[in-house]
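Subject: Structure for your files

Hello,

Here is the structure we spoke of handing over. Please open it next to this message while you read.

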Amino acid sequence: MVHISSKIFGKIKQATRKYLRQGFRDNLRIYVQGGPGGNGYPKFGGVGGKGGDVIGIAKENLTLEDVYKSNRSKRYIAKGGRHSTHNFILGPPGEDLKFELPVGVTLVTDAGKNLGDLNNPDDQLVLAKGGTGGHSKNGYLGTKGQAYPVTLDLKLIADIGLVGFPNAGKSTILKGISHAKPKIANYPFTTVKPNIGILLYDDNRQISMADLPGLIEGAHANKGMGHKFLKHVERTKLMLMVADINGFQLGPQYPHRSCLENIMLLIKELEMYNKDLLSKPAMLVINKMDTDGALAKFNEIESQLKNLGGYFSNYPEEQRPEGKLKFYEIIPISAKENPESVKLLKERLRKIIDVIADEKEKESQTDVLEEVKSSLKERGPVLI
Ligand SMILES: Nc1nc2c(ncn2[C@@H]2O[C@H](COP(=O)(O)OP(=O)(O)O)[C@@H](O)[C@H]2O)c(=O)[nH]1
Ligand SMILES: [Mg+2]
């Protein structure tokens with residue numbers, strides 16, 4: 001069932017921190033350690049094997065949550081090189097540790113060193129080099145591999161991503177709400193060129209908003225721009241869902257969908273692609289409130305949203321999302337006819353983005369504390 005809690009123009013409820021704990025992950029801190037080099041063999045001038053490297057490989061349609069789930073210890077340690085022996089004068093090298101990371105991550109060590117980006121599928125990056133083997137010039141002692149914590153950050157396309165079926169008014173909203181076009185537009189990891197605007201506030205705060213076109217019914221199954229679109233929704237802090245109060249019809253051969261059906265279908269599309277998307281912060285905008293009978297329709301939708309259980313019981317299963325998406329707020333606007341409503345939307349967005357930032361801040365503080373504690377417990381105070 002979809003849980004939609006909101007008051008129109010009401011106060012933003014303090015966000016629960018649950019979504020940050022369990023939900024969508026846009027960064028992950030891991031520990032990497034290259035293997036140590038093997039020792040040399042002084043008697044025969046034998047050289048120890050090189051330690052294995054830790055190597056990240058970019059893969060499409062992978063999330064940081066997948067990475068976390070595949071190795072909950074978050075430790076990536078490559079094998080050491082073998083010592084030189086009288087049988088193996090050249091010690092065999094340690095095996096590299098290779099693992100997959102999402103396209104669009106950037107990797108930075110705690111010391112602030114940027115290890116690089118993974119922008120395209122199959123890109124590879126050495127995160128920690130293995131140590132060199134022992135030989136005559138280093139006293140036949142293999143050296144340790146590089147070792148440090150690394151933060152994986154999913155590069156953002158924008159703070160806010162506009163999500164909606166065609167014709168809902170996304171482009172009109174973006175145009176009406178944003179003041180400037182940033183010069184960035186260089187997102188090597190995207191194949192869709194997002195249209196981005198900057199929301200400028202009186203205190204010079206800037207928030208970026210992207211119109212990611214191409215979401216249609218069936219997108220999760222790669223209809224339309226499908227995955228290309230949906231994977232970019234991941235790279236925003238807030239989903240701004242836009243629905244036309246009059247509903248939507250893709251074409252004459254498609255059924256007409258009411259506004260509420262639209263909302264459900266949008267949620268369903270997100271869920272079918274990746275259910276973690278439902279734990280992203282979201283807000284709902286009902287657009288075209290200037291059109292005939294819009295207010296009556298809006299009131300009806302409002303009561304239906306309050307009584308979703310009843311509405312869902314006669315709702316076809318294939319259109320019914322299983323998960324819950326919590327909207328911070330539902331805002332009726334007219335992007336085209338009512339600049340005041342757009343201005344209000346802009347203010348509400350600012351508030352929400354600030355709330356999200358606060359939550360992240362608190363979360364990252366506890367995260368670090370917990371990690372330090374567990375690292376001390378696990379491996380003694382040496383590594384971090
Ligand atoms: N009546 C009315 N029309 C609107 C409003 N916002 C957008 N439109 C119209 O709806 C159509 C689709 O808008 P657009 O921004 O291109 O939608 P997008 O496909 O979601 O980007 C255009 O003809 C807009 O002029 C609105 O608030 N009221
Ligand atoms: Mg558009």
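Below are notes on the ligand site, the nonpolar core and a few single residues.

Please keep in mind throughout that this is a predicted model.

Ligand site

The shell around ligand 1 holds 15 residues, and the closest are Asn167, Lys170, Ser171, Thr172 and Asp290. By type, the shell divides into seven polar, four charged and four nonpolar residues. Helix α3, residues 170-177, gives the largest share of this shell, with three residues.

Several polar atoms lie close enough to the ligand to be listed by distance. An oxygen atom of ligand 1 has a backbone N or O atom of Gly169 at 2.9 Å. For Lys336, a polar backbone atom is 3.2 Å from an oxygen atom of the ligand. With Asn287 the side chain takes part: one of its N or O atoms is 3.1 Å from a nitrogen atom of ligand 1. The ligand taken alone exposes 570 Å², of which the protein buries 74%.

Nonpolar core

The largest nonpolar core has 66 residues. Those that touch the most other members are Val32, Leu107, Met241, Ile263, Ile286 and Phe327. Helix α5 (residues 259-273) supplies the largest share of the core, nine residues. At least three core residues come from domain 1 (18-24 + 157-362), and at least three from domain 2 (27-154).

Buried positions

Which residue does the side chain of Asn119 contact? The partner is Lys155: the two side chains make a polar contact at 2.6 Å. Asn119 itself sits in the loop between β6 (114-118) and β7 (124-128). Its relative accessible area is 14%, so Asn119 counts as buried, the limit being under 20%.

Ala294 belongs to helix α6, which covers residues 294-306. Ala294 is buried because its relative accessibility is 1%. In sequence Ala294 and Ile245 are 49 residues apart, yet their C-alpha atoms are 6.4 Å apart in space.

Gly38 is found in the loop between β1 (27-33) and β2 (54-59). With a relative accessibility of 0%, Gly38 is also buried. A separation of 97 residues in sequence lies between Gly38 and His135, while the distance in space is 9.4 Å, C-alpha to C-alpha.

Positive phi

Two residues are listed here for their backbone angles. Most residues other than glycine have a negative phi.

Asn61 has a phi near 55°, a positive value in a residue other than glycine. Asn61 is placed in the loop between β2 and α2 (64-70). Is Asn61 buried, partly exposed or exposed? Asn61 is partly exposed, because its relative accessible area of 45% falls between the 20% and 50% limits.

Tyr140 likewise has a positive phi, near 65°, and is not a glycine. Tyr140 lies in the loop between β7 and β8 (147-154). At 17% relative accessibility, Tyr140 is under the 20% limit and therefore counts as buried.

Regards

Definitions and conventions:
Residues numbered from 1 in each chain as written. Chains lettered and ligands numbered in written order. Predicted model: local features only at pLDDT ≥ 70, side-chain atom pairs only at ≥ 80, totals over all residues. Heavy atoms only, no water. Helix = DSSP H or I, 4+ residues; strand = E, 2+ residues; numbered from the N terminus. Buried < 20%, exposed > 50% of the residue type's maximum accessible area, 1.4 Å probe, protein only. Polar contact = N/O pair within 3.5 Å; in protein donor to acceptor, adjacent residues only side chain to side chain. Near = heavy atom within 4 Å. Areas by Shrake-Rupley, 256 points an atom, 1.4 Å probe, with all protein chains shown as cover. Nonpolar A, V, L, I, M, F, W, Y, C, P; charged D, E, K, R; others polar. Core = buried A, V, L, I, M, F, W, Y, C linked by side-chain atoms within 4.5 Å. Domains from an automatic or database assignment.
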